[in-house]
Amino acid sequence: QVQLVESGGGLVQAGGSLRLSCSASGRTFRGYTMAWFRQAPGKEREFVAAITGSITYYADSVRGRFTLSGDNAKNTVYLQMNNLKPEDTAVYFCAAGYGATAPRDYDYWGQGTQVTVSS
């Protein structure tokens, strides 16, 4: 059983940066795809970024601004978010599974961390 715990959310002004962390416990996430999704009020959960091994892929809306990395020794993945925009405001969820960009492909989810970007 994999448990995921996110941290690092908060309030930041537009143009600022935040780094989210997702720590996995229960088993190693080696072999899984680790992903970040986000959900804004009244909207569906949307894909942000994912990493499988050393391969990363991003939603068009964040490519060039967000960077996803992993530390296998710490069972942790990081989402560095730069040049944040008000439209990035959402609850950010970490997920583990064998999927790509669809939430239904992921088996394990964290509780979410709020990111708020003020204009």
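Residues are numbered from 1 along each chain as its sequence is written, and side-chain values use heavy atoms, with hydrogens and water left out. Because the model is predicted, local features need pLDDT of at least 70 and side-chain atom pairs count only at pLDDT 80 or more, while totals for chains, interfaces and linings use all residues.

**Exercise 1.** Determine which cysteines form the disulfide, and assign its handedness.

*Solution.* A disulfide is a pair of cysteine sulfur atoms within 2.5 Å; the structure holds one, joining Cys-22 to Cys-94 with an S to S distance of 2.0 Å. Its torsion about the S-S bond is about -80°, so the disulfide is left-handed. Cys-22 lies in strand β3 and Cys-94 in strand β9 (residues 90-97), 72 residues apart in the chain, where strands are DSSP runs (E, at least two residues) numbered from the N terminus.

**Exercise 2.** Find the strand that pairs with β1, and its direction.

*Solution.* Two strands pair if DSSP finds at least two bridges between them; five bridges join β1 to β3 (residues 18-25), and the two run antiparallel. Within this pairing, Val-5 has Ser-23 as its bridge partner.

**Exercise 3.** Is Asn-75 buried or exposed, and where is this residue placed?

*Solution.* Buried means under 20% relative accessible area, exposed over 50%, and partly exposed in between (1.4 Å probe, protein chains only). Asn-75 has a value of 16% and is therefore buried; its place is the loop between β7 (66-71) and β8 (76-81). Phi of Asn-75 is near 50°, a positive value in a residue other than glycine.

Notes. Helices (H or I, at least four residues) and strands (E, at least two) are DSSP runs, numbered from the N terminus.
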